[in-house]
Amino acid sequence: MTFTDIFKSSFLENIAAVSLIDMVITIVLAFIIGLFIFFVYKKTYQGVMYSSSFGVTLIALTMITSQVILAVTSNVVLSLGMVGALSIVRFRTAIKEPLDIAFLFWSIAAGIILAAGMIPLALFGSIIIGVILLIFVNKKTYKNPYILVLSCNGYESEKSAMSFIQTNVEKCVIKSKSVQKGLNEINMEIRLKSENTDFINQLSTIQGVNSAVLVSYNGEYMG
């Protein structure tokens, strides 16, 4: 055994496993793609409260994934150990918006493809995905719906109120209806012909109508 064999270390041998140029190119491109994903997420977000930390997470996730894959592709033994290590990781953060899952998977996939050396696929694929999301998520071919809560006395007043509503709205769909002695309560989804909501005041003056409440909501509905 020579003096060199005594100080021989597999750790030192792995230092040059990935070239400095590959590391710099991968990390810089991962940051650029992650920044683009963050931009698309910010432009297409439709939730109630925007979380800037989630957007930063998308950038970090792209860069972290690219580094992990870059290390895995340079060492087969490391790849097996990485699979075992990641298999015990559990994420407890709840995903509130279904579209957020697509952004998370996009960041991970971009990092994997980029670190695998398929740079054109990572760049052009991300651009195409981003353009598609910007077009389809922000495109609205429907009018904003409203929920109308109507309370009236008996069938005759309900009939008069419904006739008035149908002449003043573009679309009316009854969602629920509860009837008890002397009181009918109806919840319906309506689409207005215009932004004018003054007809609600006129609806409340119809004989037998106790109250009429119009509520705007931003939920899941059919266009």
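Predicted model: local features only at pLDDT ≥ 70, side-chain atom pairs only at ≥ 80, totals over all residues.

Biologist: OK, how do Phe 36 and Trp 106 sit against each other?

Modeller: They're edge-to-face, 6.1 Å centre to centre with 85° between the planes. Planes under 30 degrees apart count as stacked, over 60 as edge-to-face and the rest as tilted.

Biologist: Where in the chain are those two?

Modeller: In distant parts: Phe 36 is in helix 3 and Trp 106 is in helix 6 (residues 98-115), 70 residues apart. Helices here are DSSP runs (H or I, at least four residues), numbered from the N terminus.

Biologist: Is Trp 106 buried or exposed?

Modeller: Trp 106 is buried, at 6% relative accessible area, while Phe 36 is partly exposed at 26%. Buried means under 20%, exposed over 50%, and partly exposed in between (1.4 Å probe, protein chains only).

Biologist: And which way do Phe 103 and Trp 106 pair?

Modeller: That pair is tilted, because the planes are at 35°, with the ring centres 5.9 Å apart. Phe 103 and Trp 106 both lie in helix 6, three residues apart, about one turn of the helix.

Biologist: Which residues end up in the ring cluster?

Modeller: Ring pairs join Phe 36, Tyr 41, Tyr 45, Phe 54, Phe 103 and Trp 106.

Biologist: What does Asp 100 touch?

Modeller: Tyr 41, Phe 54 and Ile 95, leaving out residues up to four places away in sequence. Contact means heavy atoms within 4.5 Å. Asp 100 is in helix 6 and counts as buried, at 9% relative accessibility.

Biologist: Switching topic: how do helix 3 and helix 4 cross?

Modeller: The axes of helix 3 (residues 20-44) and helix 4 (residues 52-73) come within 8 Å and cross at roughly 155°. Axes are lines fitted to C-alpha atoms over the stretch in contact, and angles run from 0 to 180 degrees between N-to-C directions. The two helices are therefore roughly antiparallel; angles under 35 degrees count as roughly parallel, over 145 as roughly antiparallel, 65 to 115 as roughly perpendicular and the rest as oblique.

Methods. Residues numbered from 1 in each chain as written. Heavy atoms only, no water. Phe/Tyr/Trp six-rings, centres within 6.5 Å; stacked < 30°, edge-to-face > 60°.
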